[in-house]
Amino acid sequence: MLSKKMEAEFNTQINKEMYSAYLYLAMSTYCANVGCCGYASWLKVQANEEMEHAMKMYDYVLERGGDVVLEAIEKPQSTWNNLVDVCENVLKHEQYVTSCINHLMGVAVEEKDYASNSFLTWYVNEQIEEEANADELCKKTKFAGDDKNAILLLNEKLAERK
Ligand code: OFO
């Protein structure tokens with residue numbers, strides 16, 4: 001059985017994962033509107049992954065006898081300055097999520113909740129990948145700079161993400 005404290009922390013994180021999906025979907029819309037369909041597609045896949053992160057946590061809370069309380073999801077921003085701005089914000093957001101997961105893991109350790117500790121290890125590892133992917137996207141986009149051909153190639157490559 002989950003403690004009330006862990007239950008509240010998991011509920012907060014479920015909301016944050018759903019917000020992440022919202023944010024990436026908003027970024028995807030922006031990219032589609034500026035004609036970068038590959039970036040849009042990459043971000044849409046990312047948004048779907050965030051919903052999976054939320055649902056994995058949702059299932060876990062119920063499995064442990066806890067309650068899921070769905071709160072309102074904050075409205076994400078809808079416009080960015082350019083592709084680099086989008087990518088930098090993906091990275092910044094993932095770094096923020098890593099700090100949230102670390103906080104959650106910290107509470108599980110404090111509470112001696114070994115099952116949650118084990119469950120959250122997946123998220124700790126996932127965040128390594130999340131940050132690395134965002135960092136790579138950022139670096140490549142910055143490297144391409146104003147070179148339209150390079151952006152087009154990158155755009156095509158990003159469209160391959162399933
Ligand atoms: Fe859920 O990992 Fe990204 O935000």
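A residue counts as exposed when its relative accessible area is over 50%, and as buried when that area is under 20%. These terms are applied here to a predicted model.

Helix 5 spans residues 148-158, and its buried residues are Ile151, Leu154, Asn155 and Leu158. Viewed down the axis of helix 5, the buried residues fall within an arc of 105 degrees, so they line one face of the helix. In general, an α-helix has 3.6 residues a turn, so residues three or four places apart point the same way. The other side of helix 5 carries exposed residues: Asn149, Leu152, Leu153, Glu156 and Lys157. The buried residues of helix 5 pack against helix 2 (37-63), helix 3 (83-110) and helix 4 (114-144). A contact also marks the start of helix 5. There, a side-chain oxygen of Asp147 comes to within 3.1 Å of the backbone nitrogen of Asn149.

Helix 3, one of these packing partners of helix 5, contains Thr98. Thr98 has a relative accessible area of 15%. The cut-off for burial is under 20%, so Thr98 is buried. Thr98 touches Gln127 and Glu131, leaving aside residues up to four places away in sequence. With Glu131 there is a polar contact between side chains, at 2.6 Å.

Helix 2, another partner of helix 5, also packs with helix 1 (residues 4-33). Two packed helices are described by the angle between their axes and the distance between the axes. For helix 1 and helix 2, the angle is about 165 degrees and the axes lie 8 Å apart. The two helices are therefore roughly antiparallel to each other. The crossing of helix 1 and helix 2 is left-handed.

Methods
Residues numbered from 1 in each chain as written. Predicted model: local features only at pLDDT ≥ 70, side-chain atom pairs only at ≥ 80, totals over all residues. Heavy atoms only, no water. Buried < 20%, exposed > 50% of the residue type's maximum accessible area, 1.4 Å probe, protein only. Helix = DSSP H or I, 4+ residues; strand = E, 2+ residues; numbered from the N terminus. Arc of directions from axis to C-beta. Contact = heavy atoms within 4.5 Å. Polar contact = N/O pair within 3.5 Å; in protein donor to acceptor, adjacent residues only side chain to side chain. Axes fitted to C-alpha atoms, helices over the stretch in contact; angles between N-to-C directions. Parallel < 35°, antiparallel > 145°, perpendicular 65-115°, else oblique. Left-handed = near helix turned anticlockwise from the far one by under 90°.
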